[in-house]
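This briefing concerns side-chain contacts: salt bridges, aromatic pairs and charges placed over rings. Please consult it alongside the sequence and coordinates.

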Amino acid sequence: MIARRLLVLGLMSASLAACQTAQMQPQVNASADPYAGWYVGAVEDKPFNIPLVDRTKMEPQYARQVVEYKGSEQPGSIVVDIDDRHLYLVQPDQKAIRYGVGVGKQGFSWKGVASVGRKGVWPAWSPTKTMVRIKPDLPTYREAGLENPLGARALYLYQNGGDTLFRIHGTNEPWSIGEQVSSGCVRMLNEDVADLYDRVPVGTTVYVKRNGRNRV
């Protein structure tokens, strides 16, 4: 079972999302625990176990699955479709591993071509200057852990050798997958971002598209 600590810490992190959520909560009675029923176990990981989400609570299209892929990107590339709320890891033979994602709110989503500049396991988190300007009471630093807004893994997107400040990362708000809630970053279930992390090396090309096109 998922420890009660995870549920409490998840509530703490709702207002600290790495790419600032809209503090979207599942539609439940105000007195109910919004995390109740979302987790069905955990997979062993270090230094923290990764909570497993009850996938029956999610739309089937956001389940991790192998699908046909007709794009022109090379195998090994990551393609994020902001409109469809999907991330594709392109495979040979016109296939792709597809994951459900949450994306940035209108006006905040980043679009373009980048690369994975570095990867982090249970990474620490600090808000950007823009986040602090919008919400001055944000903490300046958050240690790695279950309460950390970046979740279990993070892929840091770089352009021309510089950090874009946008990430592909985990989330402790599973109901936000398929939604447009963050301030630009691409969020995945912790179990999905851990799977993606193991499949892609630093240097992987990432295409983030809206309306079928990416903007450099």
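Eleven salt bridges are present in the structure, a salt bridge being a side-chain nitrogen of Lys or Arg within 4 Å of a carboxyl oxygen of Asp or Glu. The model is predicted: local features need pLDDT of at least 70, side-chain atom pairs count only at pLDDT 80 or more, and totals for chains, interfaces and linings use all residues. Residues are numbered from 1 along each chain as its sequence is written, and side-chain values use heavy atoms, with hydrogens and water left out.

- Arg55 and Glu191 form a salt bridge through their side chains, with an N to O distance of 3.0 Å.
- Because Arg55 lies in the loop between β2 (50-53) and β3 (65-68) and Glu191 in helix α3 (residues 190-199), this pair ties together parts that are 136 residues apart in sequence; helices (H or I, at least four residues) and strands (E, at least two) are DSSP runs, numbered from the N terminus.
- Glu191 is buried at 13% relative accessibility, while Arg55 is partly exposed at 25%; buried means under 20% relative accessible area, exposed over 50%, and partly exposed in between (1.4 Å probe, protein chains only).
- A salt bridge also joins Arg64 to Asp195, whose closest N and O atoms are 3.5 Å apart.
- Arg64 is in the loop between β2 and β3 and Asp195 in helix α3, so parts 131 residues apart in sequence are tied together.
- Arg64 is partly exposed at 33% relative accessibility, whereas Asp195 is buried at 15%.
- A network of salt bridges links Arg55, Arg64, Glu191, Asp192, Asp195 and Arg199.

- The side chains of Glu173 and Arg187 meet in a salt bridge at 2.9 Å, N to O.
- Glu173 lies in the loop between β10 (162-171) and β11 (180-182) and Arg187 in strand β12 (residues 186-189), so the pair ties together parts 14 residues apart in sequence.
- Glu173 is buried at 5% relative accessibility, and Arg187 is buried at 2%.

**Aromatic rings**

- The whole structure contains three aromatic pairs, defined for rings of Phe, Tyr and Trp (its six-membered ring) with centres within 6.5 Å; planes under 30 degrees apart count as stacked, over 60 as edge-to-face and the rest as tilted.
- The Phe48 and Trp122 rings are edge-to-face because their planes stand at 65°, with centres 5.1 Å apart.
- Phe48 is partly exposed at 23% relative accessible area, and Trp122 is buried at 4%.

**Charges over a ring**

- Lys119 lies over the face of Tyr197 at 4.0 Å from the ring centre, and Arg153 does so at 5.4 Å; the criterion is NZ of Lys or CZ of Arg within 6 Å of the ring centre and within 35 degrees of the ring normal.
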